[in-house]
Amino acid sequence: MPRISEMTGVDFNGVDQPYVPPKNLDISPKLTLHKNWDSEIDPVTYEVVRHNLWQINEEHGATIQRISGSPVAMYALDLNPSILTEDAEFVYFGPYMQYMSGVTDTQVKWTLEFRSDNPGINEGDMFIANDPWVGAAHQQDVMLLCPVFWEGELFCWVTNCLHQYDIGGITPGSFCPSAESVYEEGILLPPLKIIENYEIRKDIEAVYLRSSRKPELVALDFRAQMAGNTTARERILDLIKRYSAATVKGVMKRVIDNSEKSYLEKMAQLPDGCWQDRTYVEACRPGDRRTHRVMLGLRKEGNKLIFTNDGTADQDGAMNATYSGWRGSIMVAVNELLCWDQYFACGGALRHIEFDPTPGTFNCAHFPASVSTAPIQSMEISLYPAYNVLSKMIYPDKTLRKDIMCIGGTSQWPATLFRGTDQWGEKYGYLLIDPIGGAIGAFSMADGINTGGQSRTPICQLPNIEHTEQSFPVLFLYRKELPDSGGAGQYRGGLSAESCFIPHNTDVITQDTLSSGNATPTSSGLMGGYPSTTNAYTFIRNSNIRERINSVEMPDDTSEVRGDSVTLQLREENFQQHADDVYAVRWTGGGGFGDPMSRSIEDIDKDLEDYSVTEQTAHEIYGAILDAQGKVDSEATLCNRTKIRAARISGRAHKVTNRDGPVVFEVGSGLNVIDADGQHVWACAKCSADLGASDGNYKDGCIREDRPVSASNPLIGAPDRFIDDEVVFRQFYCPGCGSLIDNEVAVDTDPVLVDVSVVA
């Protein structure tokens, strides 16, 4: 099967196969692009206009949020605005759901190529689009593309994307977990001119709304997007009138050039090499008990970064994403780890980044694969490994090392899709937004942030429980953070949480689950850090919750509720929750950084005091010994840790050679490359034990121990509830001192991962 880079030509203007924009767009001579800009702009003007453009983009998003009124817009902030140049280079992302912007430039480039001649791109037009094979996350993420003209020339684009309430398909809400192809999902719209000469084309709008079960809400969402684009377009035109088109365009170009300059400076500080990460998706359709491998490769060659997905499972069931979705997901991590100092401007970095997956894999799927669940499965599982490979790439530079961020919470979203008749006797459908609370993974020098949101949506917020209860027929029993849910490490990952509710003022709620990461942890740790908890659903039928409520004994946990416990599968459909049935959903926390037994005594004491870690975890994972008052005994703990490390190497047949020589690269918190008499070798960062030549896998020189995956986090249950594969927690110890070098979570039949190789 050809790679993306080997594909030549596409069918149906790029809709059947993934659309990969060419370097030189074929644009109709009917369309004139604005190409005149000032190369010399004084610093004050540059800063004023640059910040004005950013404020325009922020106002754009806030306008959509205020007008839509949808909980998805208000609380999940499942939207994003962007500003792009006339030829679709990014000027700014928005700070909302970033991977929405990550697919925007492909949509705009497709529109320039295939709509500039017929029907034409003119002043006062806007194009609606949601086709994932052109450039969208999934069909519910509807884009509205607005060209901005100045004196007859296409000056720039303002665009937005919003997850809309329902655009058709076999499941209300348009997440279709049992769909086998796109024909069972919502309407597909390659870019269509829905606004022409500032007027809505009613014929196009009617076709678009006809597929929806809630056309009035979708129409309101569309008008919110139209208002956002209109606001941004008028603000940019006002800016041009004040400073001139050449100046504003010059600022746009300099924003991109500065982004490029910053990126190139960082690349110059880093060695070339290759980095890999591996994780898994579970259950591609109802009844599926397989794991589906996800591979992400990163290769650095000078200034160029190349991302691949070699070894990823084939497309299957309803878990898939398209090329643009995979690319857009990775761009989020690029933006946050390499371009954070450029204020959401990653256009310059993208000049040097290639995305080269293999089509037909489940995160680069061929048409007509099912893709409606892409953002909460395939795109999330494409995004979060990018944090790991990029973090490993930047670790060798001590200045950039502080930018490392481990995988955060909700690395697979545990969707709760529920529907029925609400408290006013009206039909409704809803996706529980609470997992947006997420968690931020650990940093290289600090703990992660408990329920700190999702890093891909920097300004997200948990919905107010009372607002959810007001809008839908549910009564929350609790929402709480969970001890031990963050990945253990020298620096601990942020804690996640759990929400629990019962029906209220309705007879029954019909629910679907749609999840992955329930058997295999997907928020893995980094450089010896442990993974966080898995997702989990809890369902208790015929409970005694009414008795407890009547006795004013509200539960703090589902374990306090008596009833019939039911194990919900990961794509369980149409199960019913009645008045006495208790339902809870738990989401993943943040991954940990570094060896847990390097965590300071003071930090463990603080964890115990804050109920972030239980006493059992403090002892079993951190090696802590507690005194009679429940405090960490420093001397006893250090002695216990020494015994644990000694036991790891006791009786092992490894021959140990300690190497003296200068450090060439600090590759990880426990791993170096050193120059040993002219030969580059892997070496333990603690004792300099030789782990083999640097052109091999350092893990081959380590002591390996395979443990049950439940040993990696106390909240992880038995995987065989959901999957047939055996999942193991592999740990790699230094044969010289017994220090933990790294971990990996893997299906037992998969080989040891070669996660890093660097070039001197």
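How many bridges pair strand S12 with strand S16, and in which sense do the two strands pair? Strand S12 (residues 415-421) and strand S16 (residues 508-514) are joined by five bridges in the antiparallel sense.

## Basis of the report

The structure is a predicted model, in which local features need pLDDT of at least 70 and side-chain atom pairs count only at pLDDT 80 or more, while totals for chains, interfaces and linings use all residues. Residues are numbered from 1 along each chain as its sequence is written, and side-chain values use heavy atoms, with hydrogens and water left out.

Helices (H or I, at least four residues) and strands (E, at least two) are DSSP runs, numbered from the N terminus. Two strands are said to pair if DSSP finds at least two bridges between them.

## The four-stranded sheet

Strands S12 and S16 belong to an open sheet of four strands, ordered S13-S12-S16-S19, with antiparallel pairing. Strand S13 (427-431) and strand S19 (575-578) are at the edges; each has a single partner strand, so one side of each lacks a neighbour in the sheet. On average, neighbouring strands of this sheet are turned by 25° against each other, direction ignored. Such angles are taken between axes, which are lines fitted to C-alpha atoms (for helices over the stretch in contact), and they run from 0 to 180 degrees between N-to-C directions.

Is strand S5 (residues 153-163) largely enclosed or largely open? Ten of its eleven residues are buried, so S5 is largely enclosed by the rest of the structure. Here, buried means under 20% relative accessible area, exposed means over 50%, and partly exposed lies in between (1.4 Å probe, protein chains only).

Strand S1 (residues 79-85) pairs with S5 in the antiparallel sense over seven bridges, and Ser-82 has Thr-159 in S5 as its bridge partner. Strand S4 (residues 141-150) also runs antiparallel to S5, and ten bridges join the two. In S5, Asn-160 stands opposite Leu-144. S4 and S5 form a hairpin with two residues between them, and Glu-151 in the turn has a positive phi of about 50°.

## Helix H14

In helix H14 (residues 601-609), the residues Ile-601, Ile-604, Asp-605, Asp-607 and Leu-608 are buried. They lie on the same side of H14, because they cover an arc of only 160° around the axis; the arc is that of the directions from the helix axis to the C-beta atoms. The face turned away from this buried side carries the exposed residues Glu-602 and Glu-609.

Helix H15 (615-620) and helix H16 (634-649) are included in what covers the buried residues of H14. After H14 comes Tyr-611, whose phi is positive, near 60°.

## Two buried loop residues

Thr-322 is located in the loop between strand S10 (304-308) and helix H9 (323-338). Its relative accessibility is 1%, so Thr-322 counts as buried. The side chain of Thr-322 reaches the backbone oxygen of Pro-132 at 2.7 Å. Leaving aside neighbours within four places in sequence, the residues in contact with Thr-322 (heavy atoms within 4.5 Å) include Pro-132, Trp-133, Asn-363 and Val-371.

Ala-442 lies in the loop between S13 and helix H12 (465-471). At 0% relative accessibility, Ala-442 also counts as buried. Not counting residues up to four places away in sequence, Ala-442 touches Tyr-491, Cys-406 and Phe-593, among others.

## Nonpolar cores

A nonpolar core is a set of buried Ala, Val, Leu, Ile, Met, Phe, Trp, Tyr and Cys residues joined through side-chain atoms within 4.5 Å. The largest contains 128 residues, of which Leu-53, Tyr-208, Ile-236, Phe-307, Leu-338 and Met-393 touch the most other members. Not counting residues up to four places away in sequence, Met-393 touches several residues, including Met-267, Trp-275 and Leu-338. A second, separate core of 27 residues includes Ala-415, Phe-418, Tyr-583 and Val-585.

Technical notes. Polar contact = N/O pair within 3.5 Å; in protein donor to acceptor, adjacent residues only side chain to side chain.
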